[in-house]
Amino acid sequence: MKIFCSRANPTTGSVEWLEEDEHYDYHQEIARSSYADMLHDKDRNIKYYQGIRAAVSRVKDRGQKALVLDIGTGTGLLSMMAVTAGADFCYAIEVFKPMADAAVKIVEKNGFSDKIMVINKHSTEVTVGPEGDMPCRANILVTELFDTELIGEGALPSYEHAHRHLVEENCEAVPHRATIYAQLVESRRMWSWNKLFPIHLQTSLGEQVIVPPVDLENCPGAPSVCDIQLNQVSPADFTVLSDVLPMFSIDFSKQVSSSAACHSRQFEPLTSGRAQVVLSWWDIEMDPEGKIRCTTAPFWAHSDPEEMQWRDHWMQCVYFLPQEEPVVQGSALCLVAHHDDYCVWYSLQRTSPEKNERVHQMRPVCDCQAHLLWNRPRFGEINDQDRTNRYIQALSTVLKPDSVCLCVSDGSLLSVLAHHLGVEQVFTVESSAASHKVLRKIFKANHLEDKINIIEKRPELLTSEDLKSRKVSLLLGEPFFTTSLLPWHNLYFWYVRTAVDQHLGPGAVVMPQAASLHAVVVEFRDLWRIRSPCGDCEGFDVHIMDDMIKRALDFRESREAEPHPLWEYPCRSLSEPRHILAFDFRQLVPPRPLCAEGTMELRRPGRSHAAVLWMEYHLTPECTLSTGLLEPADPEGGCCWNPHCKQAVYFFSPVLDPRAPLGGPQTVSYVVEFHPGTGDITMEFRLADTPDSPLLSNKVA
């Protein structure tokens, strides 16, 4: 059965009704899942297998049957490991129905249907007893309920319920124990993802400084963890202030509590500085002795950096302290880890929490609204002084004392730059209540509330009265819109420019004046794993899972490009960057499609994993800002990506394993078409020497 769903088109700004399969959200979830990455995580798989074997042996040595409860079974991999290790029976719990159905098929394909029962329920709904899902409690508990933060997927409530209702007291648990570690650092780069810095600009009247409002400075920030590939952050970007501190451990073989708690560790700072950020990770020990250990530690805290397992389903955590605090080398402090049932956060105390009743237990929440408007990359972008200077340089070439400026972006400070550079009148359109409130605070803190006019409505609805009957001589945008996910979604600026054309005066300047779409073919060092078929995992056939992911990727909604922050995912360019399409903002959105076709020559040996696409914005003929490559690739093809933006990644199919032999075509051909009516981009990549075999043929919204 088909259903109609409304979807806001980020490029055109319109709401569209699309006919979808009734299970389209399943396709999306499967296609964007980390199942493939987990199956490729050999370190994880081997350690789990070793831990399961040891747990089954301990139970058997006691003369007991080994009854396993596997919560969150996914493909059924851990259950099959348990049966292979000698378990008498396994109850595999999976709440996500498409995944549970796949697990049933995988278990059957591998010949374990008589020893594994897949139960399609949430573990808290599973019953035990003669008429229940399980006839008796299990004596081995196997789970993989962990995310980057360890507890963010509800591990604590699930364990708490399992111990109370589903497993025997002091059961064997795999993993047996988890420990969360933390390290206090000073990092201007990471701190710029959470706070608004003063912005400096040179004007004809001297230096002007845009200062953040007090409540933005005092706000603790967004409550959610910032999870990143910490190994890609340069050591030069932070100063270590503490040793690695084991903050707290959880014993999964005993009753677990999901109640809020805090754990403190006293330490002496290694050097003086400003405490701003806590870096955190965890390890899990698969056995009681701690001999089988799997860790997510970054390279500088890893026992064997050369043998580190790359993974994207578990990364590392960045937590921001509510406020930066000075620390003095050798002067003891307490780092406090707080957690509730799903989240962790940190505070710094001068004394132990046991002696300080004022320790704040509540999870920090943004009360300034800026963290609701700007995500962390956006904070970093606004705080990038070099980027600001590029806008100042471009604005200085087009502004006149009698200019009337209209700024069209979400939560942009370009209107403040325009005012300080001498524009007669500045209007800024803010379509959301959050952006309206945040900008009002910034304007008030800088005594500009009477100098810049905020219009709270969608730009398409502007009237002459909103602009005080003035004609706009400069239409200005970054462009940045909070609804944009893929690089070209910010082409919404072009549609806005078209909608407000009636308000532009003769000879009005539009900045940026144009944009261009660019692409390059790349070989990823590791990111290929999230799309590469697994086939066989530790001796178990999981082709059914590969086929399921492929079907999900073939579904229309899930075939779109994936946004990835490529500064976190090293890759090599195999081709030179190619200019694909141009968009002239000085003209209205055209009635006919824009088309381009050509080839990209692969000039370096490697495996073509994907095409990466990004936008470049031409503020003036002399000034361009790139959301993708910031400089030419090095001789080996190494790429330097804009750290504030996500680039669009189109994985070729099949995604090539680096173990596959080199060779194949030396060029990739493409056909790209921009459809003005819908804002969609369609594109097709083909191997140049096999014109009937598409590498990629996708519709892009």
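1. A pocket, as the word is used here, is an open set of grid points with protein on both sides within 12 Å along at least five of seven lines, and its lining residues are those with an atom within 4 Å of a point. The model discussed in this note is a predicted one.

2. By that definition the second largest pocket is lined by 36 residues, and those nearest its centre are Y35, G72, E94, E144 and E153. Two or more lining residues come from each of α2 (35-40), β3 (67-71), α4 (77-84) and α6 (155-165), with α2 giving the largest share, three residues.

3. The volume of the second largest pocket is about 890 Å³. Its lining comprises 14 nonpolar, 13 polar and nine charged residues, and at least three lining residues are drawn from each of domain 2 (34-144) and domain 3 (179-351).

4. Elsewhere in the chain, five strands form an open sheet in the order β22-β21-β20-β23-β24, with parallel pairing. Since β22 (452-455) and β24 (504-511) are the edge strands and have a single partner strand each, one side of each is left without a neighbour in the sheet. Neighbouring strands of this sheet are turned against each other by 20 degrees on average, direction ignored.

5. The pairing of β23 (residues 472-476) with β24 is parallel and runs over four bridges, and V472 stands opposite L504 in β24. Helix α14 (residues 492-499) packs on the sheet, where it touches β20 (404-408), β23 and β24, and its direction makes about 175 degrees with that of β24. Helix α11 (residues 385-398) lies across β23 and β24 and runs at about 160 degrees to β24.

Note on methods: Residues are numbered from 1 along each chain as its sequence is written. This is a predicted model: local features need pLDDT of at least 70, side-chain atom pairs count only at pLDDT 80 or more; totals for chains, interfaces and linings use all residues. Side-chain values use heavy atoms; hydrogens and water are left out. On a 1 Å grid over the protein atoms alone, a cavity is a set of points where a 1.4 Å probe fits but cannot get out, and a pocket is an open set with protein on both sides within 12 Å along at least five of seven lines; lining residues have an atom within 4 Å of a point. Grid points are joined across faces, edges and corners, and a volume is the space filled by probe spheres set on the points. Ala, Val, Leu, Ile, Met, Phe, Trp, Tyr, Cys and Pro count as nonpolar, Asp, Glu, Lys and Arg as charged, and the others, Gly among them, as polar. Domain bounds come from an automatic or database domain assignment. Two strands pair if DSSP finds at least two bridges between them. Axes are lines fitted to C-alpha atoms, for helices over the stretch in contact, and angles run from 0 to 180 degrees between N-to-C directions. Contact means heavy atoms within 4.5 Å.
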